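Please open the structure in your viewer and keep the selection tool at hand. The tour below moves from one selection to the next and says what is found at each stop.

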Amino acid sequence: AIDIAKLRDQTGFITLDTGYKNTGSTKSAVTFLDGEEGILKYRGYAIEELAEKSSFLEVAYLLIYGDLPKQAELDKFQNDISMHTLIHEDMKKFFDGYPSKSHPMAQLISLVCSLSTFYPECLKSHQTPEEKDLTIIKLMAKMTTLVAFIYKKSLGHPLIYPKNKYDYVTNYLWMTFGQRTEDYEVNPVVVSAMNKLLILHADHEQNCSASTVRMVGSSDCNLYASISAGIAALWGPLHGGANQAVIEMLELIKEDGGDTEKWINKAKDKNDPFRMMGFGHRVYKNFDPRAKIIKKACDDILENLGIDDPVLEIAKKLEEAALTDQYFIDRKLYPNVDFYSGIIYRALGFPSEMFTVLFALGRLPGWIAQWKEMHENKEPINRPRQIYVGHKDREFVPISSRG
Ligand code: ACO
């Protein structure tokens, strides 16, 4: 292999790859992705098998610590997390300060970063493995509470405190959909759907948000601030924000009469800024294996919950039309993970503004694993170069003489 650093020092040679379309930023043992074959594996385990057979917390453990947990390890992980699900009472005051219609992602970015004000031990540059682990456990635990509180705040409903008797996902659902005075009726269909969705979102190698986490973390920035930066990267509609954009697009098409051909043509028109949201991927050029699983789950879950959502039909019509359209074939544009996920989230009772927050909840263990790996590998600070194209030498003119 060419030693790029040596070549650069000797020749001033710089590789330019805007958007990092073919530039590796790290060596990683977390997630394997083959875009041509549509293969995705976490730590060597096929995503299809994990989504079918494991719980989200098991997958979180796998991503963060490298192996599937034994029962005792999983119990301890769950128990450690349960001990830390409460957030500091002062943090609740933050929710009073946000305008009632503020976007949940904006709140989440600031809330996660604010954890570093309540748990300043995370700022220590060289945390022992035990200290690092506690920082991770606190984040895994408090994330569910923050995400649930954001939702309750959006409704103007009282906040529901965590209950330690519930597992990770059920506890989150309790804080989201529970009523203070009643016991939460756990619907196994909802719990299973939630586990599946979170697993499918749990990691995706060096995507925009994971790279951001590693980039920010490489300056030795603490876990909470690094993840907060990753959440900001996720928010954009070209990345995780696409799940909200998809459902809004499907609604728009429905209200417009459901003419999918018209919207396919709009997406193909280079003079029209409209893009088919939930289509296309930087790495997958055949199909997105997550989309395949989610599409099937979408049918099953809606049927199980007895929900008939007309936008599902529109989504399927769009996919069918795109599959035989030369524009989409030539550019290898297929539904990605965000295309059907929103329809499931909606069926579970979430408003569209919460969709990207749910993506962040699922992606959290992946970001943590990426941050941890970067630290353990003692990677250097990330610092790309550039090709300078600005002015060379300019003569300074005093303001009075600038005309
Ligand atoms: N609708 C219409 N045309 C598209 C779409 C789309 N969704 N996606 C790509 N194209 C076209 C581009 O216009 C371009 O056409 P051209 O070659 O004629 O100029 C070609 O396909 C290649 O597209 P790029 O934007 O260069 O591909 P890139 O790899 O940079 O972008 C991305 C990938 C951002 C996912 C893009 O496909 C997109 O914007 N999709 C819609 C948003 C979306 O669903 N994002 C979620 C991605 S998954 C995730 O992050 C979790």
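This is a predicted model: local features need pLDDT of at least 70, side-chain atom pairs count only at pLDDT 80 or more; totals for chains, interfaces and linings use all residues.

Begin by selecting the ligand together with the residues around it: 19 residues surround the ligand, and the closest are Ala-242, Arg-275, Met-276, Gly-280 and Arg-282, where a residue counts as near a molecule if its C-beta atom, placed from the backbone, lies within 6 Å of it.

Residues are numbered from 1 along each chain as its sequence is written.

Next, select helix H12 (residues 242–255) and helix H17 (residues 338–348), whose axes come within 8 Å and cross at roughly 75°; the axes are lines fitted to C-alpha atoms, for helices over the stretch in contact, and angles run from 0 to 180 degrees between N-to-C directions. H12 and H17 are therefore roughly perpendicular to each other, a term that covers angles of 65 to 115 degrees. On the H12 side, Ala-242, Asn-243, Gln-244, Val-246 and Ile-247 meet Asp-338, Phe-339, Ser-341, Gly-342, Ile-343 and Arg-346 of H17, two residues being in contact if their C-beta atoms, placed from the backbone, lie within 7 Å. The residues of this contact divide into five nonpolar, four polar and two charged.

Now select Arg-43, in the loop between strand E2 (39–42) and strand E3 (45–46). Phi of Arg-43 is near 50°, a positive value in a residue other than glycine. Arg-43 is partly exposed, with 18 other C-beta atoms within 10 Å; a residue is buried if 20 or more other C-beta atoms lie within 10 Å of its own, exposed if 12 or fewer, and partly exposed in between, with C-beta atoms placed from the backbone.

Then go to Asp-220, in the loop between helix H10 (208–217) and helix H11 (223–235). Asp-220 also has a positive phi, of about 70°, although it is not a glycine, and Asp-220 is exposed, with 12 other C-beta atoms within 10 Å.

Finally, show the whole protein chain, which has 18 helices and three strands; helices (H or I, at least four residues) and strands (E, at least two) are DSSP runs, numbered from the N terminus. Of its 403 residues, 41% count as buried.

Notes
Angles under 35 degrees count as roughly parallel, over 145 as roughly antiparallel, 65 to 115 as roughly perpendicular and the rest as oblique. Ala, Val, Leu, Ile, Met, Phe, Trp, Tyr, Cys and Pro count as nonpolar, Asp, Glu, Lys and Arg as charged, and the others, Gly among them, as polar.
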